[in-house]
Every structure is written in structure tokens, then in C-alpha cells.
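Thank you all for coming; I would like to take you through one structure this morning, looking at its aromatic rings and at its nonpolar cores. Please have the sequence and the model open while I talk.

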Amino acid sequence: SNPTDGGFKRRAQERVSLRVVTPSGLIWRSTLYATQGRWQLFLTIPPEGGAGEGTGSQTEEEDRRYGFGATSAATLTLGRSEVTFGGEGRWDHSHFENWLTTNLIRDAAQIMVVTRQASGALFLQTSTDVGPHFRLSLGGRYDVLGTRSAPDGELPLADTKGLFSPKIGALYHLKRIADIYANISRGFRQTNGVVEDPSLPFITAWAYETGIKVDTRAIQGSLAFFRTEVSNEQTFDPLRLISTSGGRSRRQGIDAGLSARVSNVIRIRGRGTVTDAKYRDLVTEDGDTLSGARVFNTAKFVASGNVEVAPEGAIWHAGVGTNLVGPYTPFDEPGVELPTYALLHLTGGVRIGQAEVNVGVRNLLDKHYTEVRAGEFVAPGQPRSVYGTVRYGF
């Protein structure tokens with residue numbers, strides 16, 4: 001709707017690494033790096049869209065940032081044990097501007113903010129073989145992050161917080177058959193919107209998993225039971241670019257995978273996950289209570305599989321595959337459940353001399369489905385698509 005719309009994105013990174021191996025078996029690795037980036041976008045959005053958009057006029061967004069970082073770790077082998085310890089640090093600077101513009105000319109500023117963030121961490125990881133079949137892993141890290149944000153015309157906001165993340169794992173090896181394992185760990189990430197409010201708490205998650213992995217000449221398979229407990233749950237709407245923070249959620253279920261060679265001609269592969277994902281305690285900014293409701297955009301089950309036919313010594317191969325997505329609740333529509341859908345795909349290829357030609361059809365039956373849905377906004381799934389590749393070896 002506006003021929004002057006457009007923009008650019010530029011990014012650069014520099015890195016230097018050093019690796020030292022001593023006669024005693026100590027391995028020391030260190031990396032220094034720097035990053036620079038700038039992007040500028042002029043965009044006219046019709047009168048409907050996300051927050052702060054949809055005015056019908058042109059807006060400009062400009063983001064300039066740079067940063068520096070370093071990481072260093074040493075690994076020492078002591079008998080049946082291996083110990084890794086080290087640290088890392090990073091400093092970032094970002095300058096973001098949002099303007100109302102007319103044909104690339106700035107009229108008025110909407111957002112102008114400068115943000116700086118410094119972070120550092122110390123970590124330790126150990127792994128010990130207890131006998132010929134049992135391995136125990138212990139580790140953890142402590143992170144400290146400090147953020148300072150200075151919106152234009154307002155007093156600067158600053159906050160510093162730290163978090164300890166432990167990890168423990170155990171593995172029992174059944175000779176020539178399988179591995180049985182169990183893991184417990186804690187992880188975190190920053191909350192969206194930390195630039196506007198540096199005091200926002202971390203999103204943290206305790207993850208628990210136990211399972212078995214089978215690896216033989218003819219069959220590779222896995223079966224795992226998992227649970228993830230999330231605090232300060234944040235639900236982000238990718239279509240309308242808004243988020244809801246706070247509360248807790250739990251995701252638990254079963255994940256299984258299989259790859260087997262039925263004969264010298266046929267191989268089958270499959271993977272599936274069944275998930276029970278519910279908000280344990282969450283109240284939206286609109287006052288809606290979602291405690292006990294399903295986590296948005298998380299399907300009850302997903303699965304994929306394919307059968308590949310590739311005769312030994314033949315110049316051709318072919319395959320048929322499918323993926324299945326179970327019912328799920330769209331973003332911001334508690335109580336609504338979209339139906340299950342399945343897609344069918346075909347692949348094939350032939351070798352011609354030094355060249356290999358591959359073709360495929362995705363969504364062969366041209367199934368109409370929803371990729372992402374949020375409220376009344378819908379992003380449709382990919383229709384029937386044909387693709388091809390050619391590789392030539394010299």
C-alpha cells in the first residue's frame with residue numbers, strides 16, 4: 001500500500017578461540033567475541049493489527065546494538081571422573097527507536113529507549129563412572145544478570161538478579177542392548193518485556209525425565225517419560241505480539257521414537273509425543289482465570305512417520321510420510337479446541353552419474369489446516385507444495 005516501505009538488516013560477528021591441551025590431560029578452551037547489528041524498517045499497516053500498530057500510517061523502527069563476551073572452561077580427567085569448570089560473561093548495548101513517518105520522513109517519536117545488560121556465570125560439571133555400567137553426572141551454574149533501561153524522557157530503570165541452576169543425571173548401560181537414564185535439571189530464560197521493566201522475574205523450569213534408549217544393528221528406539229514445572233509462565237501470542245506473564249504450568253507426557261530396517265530394501269521411522277499441558281495458576285491481564293485450562297497452542301499429541309524404499313545398489317529411492325497434530329487450544333481462546341489433522345507427503349530421487357535429483361510433494365492431498373490461530377486471527381498452513389533439489393559431486 002506504500003511504495004516507500006522497505007528496510008535493511010546488517011549483522012556482524014567477530015570471534016577468536018584458543019584451545020590448549022597439556023600433557024597431564026587438562027584441556028582448556030577460551031573464546032572472545034563481539035557482535036554488531038543494525039536494522040531499519042519502514043512499514044505501513046492497515047487499520048488493524050498488534051498493539052501500537054494498525055494506524056494506517058507509516059512507521060519506522062530502528063534498532064542498533066553491539067556487545068562483547070567471553071567464555072572459558074577447563075576439563076580435567078581424574079581416573080574414572082571428568083570435571084569441567086569455568087565461567088562466562090557478556091555485555092550488550094541496544095538503542096531502539098519507533099517513529100511515525102510519512103514517505104520515510106520522521107513526524108513524531110513513539111518509543112525511544114536505550115538498554116544495557118551485563119551478565120556473568122560460573123559453572124561446574126562432573127561425570128563419574130561407578131563400575132563398568134553405571135555413570136553419574138552432577139553439575140550446576142550460577143548466573144547474575146543486571147539490566148539498565150532508559151526510556152526517552154523518563155527516569156532510568158535498573159535491576160540485578162541471580163539464579164542457581166543445578167543438574168543431576170544417572171545412566172545404566174545394558175551391554176549391546178540399551179541405556180536406561182534419569183535426569184533432573186533447572187533452567188531459566190528472561191521474561192519478554194524486560195526492557196520496559198528490568199525487575200521482571202526469570203521464567204524458570206524444573207525438568208524431569210526418565211527413559212530407555214535401544215541401539216542395535218537393526219533397530220534404534222527410545223521411550224521417555226517427562227515432566228516440566230514452569231514458574232512465572234509467559235504466554236506469547238505470535239500473531240498479535242502480546243504476552244501474558246505470571247502463574248505456573250505443568251507439562252508432562254510420553255515421547256517415543258523408532259527407526260528400524262525391515263529388510264535390505266525398506267526402512268521405517270516414526271516419532272510421537274503425548275502431552276498433558278495445563279496452567280496450574282494463571283490469571284490474564286484481562287482478569288480471566290486459566291487455572292486448570294490447557295496451555296495455549298500445545299497439542300495433546302503429535303506424531304510423524306515415514307517409510308523409505310531404497311533397494312541396495314539401486315540408483316533410485318522413494319518414500320511416503322505423514323505427520324499428525326492432535327487437538328489444541330488456540331492462543332487467547334480458552335475452552336476452544338481445534339480438531340486433529342494429518343498431512344501426507346511423498347519423496348523420491350534418482351542418481352544420474354555424478355548427479356542426484358530429488359523431488360517431493362508436501363501436503364499431497366492439499367489438506368486445509370491452521371498453522372497458528374490466536375483469537376480471530378488465523379495463519380493458514382502450507383498448501384500442496386512441490387520441491388526439488390539437484391546435487392552434483394566433483
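Predicted model: local features only at pLDDT ≥ 70, side-chain atom pairs only at ≥ 80, totals over all residues.

**Aromatic rings and nonpolar cores**

Residues are numbered from 1 along each chain as its sequence is written, and side-chain values use heavy atoms, with hydrogens and water left out.

Now to the ring pairs. Rings of Phe, Tyr and Trp (for Trp the six-membered ring) pair if their centres lie within 6.5 Å, and the planes make the pair stacked when under 30 degrees apart, edge-to-face when over 60 and tilted for the rest. By this rule there are seven aromatic pairs. In one of them, the centres of Phe68 and Trp91 are 6.4 Å apart and the planes stand at 20°, so this pair is stacked. Because Phe68 belongs to strand β3 (residues 58-78) and Trp91 to strand β4 (residues 81-102), the pair ties together parts that are 23 residues apart in sequence; strands here are DSSP runs of E with at least two residues, numbered from the N terminus. Phe68 is partly exposed at 47% relative accessibility, and Trp91 is also partly exposed, at 30%. To return to Tyr392 and Phe394, their ring centres are 5.1 Å apart with planes at 70°, so that pair is edge-to-face. Ring pairs also link Tyr66, Phe68 and Trp91 into a cluster.

What about the interior? A nonpolar core is a set of buried Ala, Val, Leu, Ile, Met, Phe, Trp, Tyr and Cys residues joined through side-chain atoms within 4.5 Å. The largest such core has nine residues, among them Tyr279, Leu290, Phe296 and Phe331, and strands β14 (266-281) and β19 (370-374) each supply at least two residues of it. A second, separate core has seven residues, including Tyr328, Tyr341, Leu343 and Tyr369.

Finally, Trp39 sits in strand β2 (residues 27-44) and is partly exposed, at 27% relative accessibility. Leaving aside residues up to four places away in sequence, Trp39 touches Phe8, Lys9, Glu61, Glu62 and Asp63, contact being heavy atoms within 4.5 Å.

Technical notes:
Buried < 20%, exposed > 50% of the residue type's maximum accessible area, 1.4 Å probe, protein only. Helix = DSSP H or I, 4+ residues; strand = E, 2+ residues; numbered from the N terminus.
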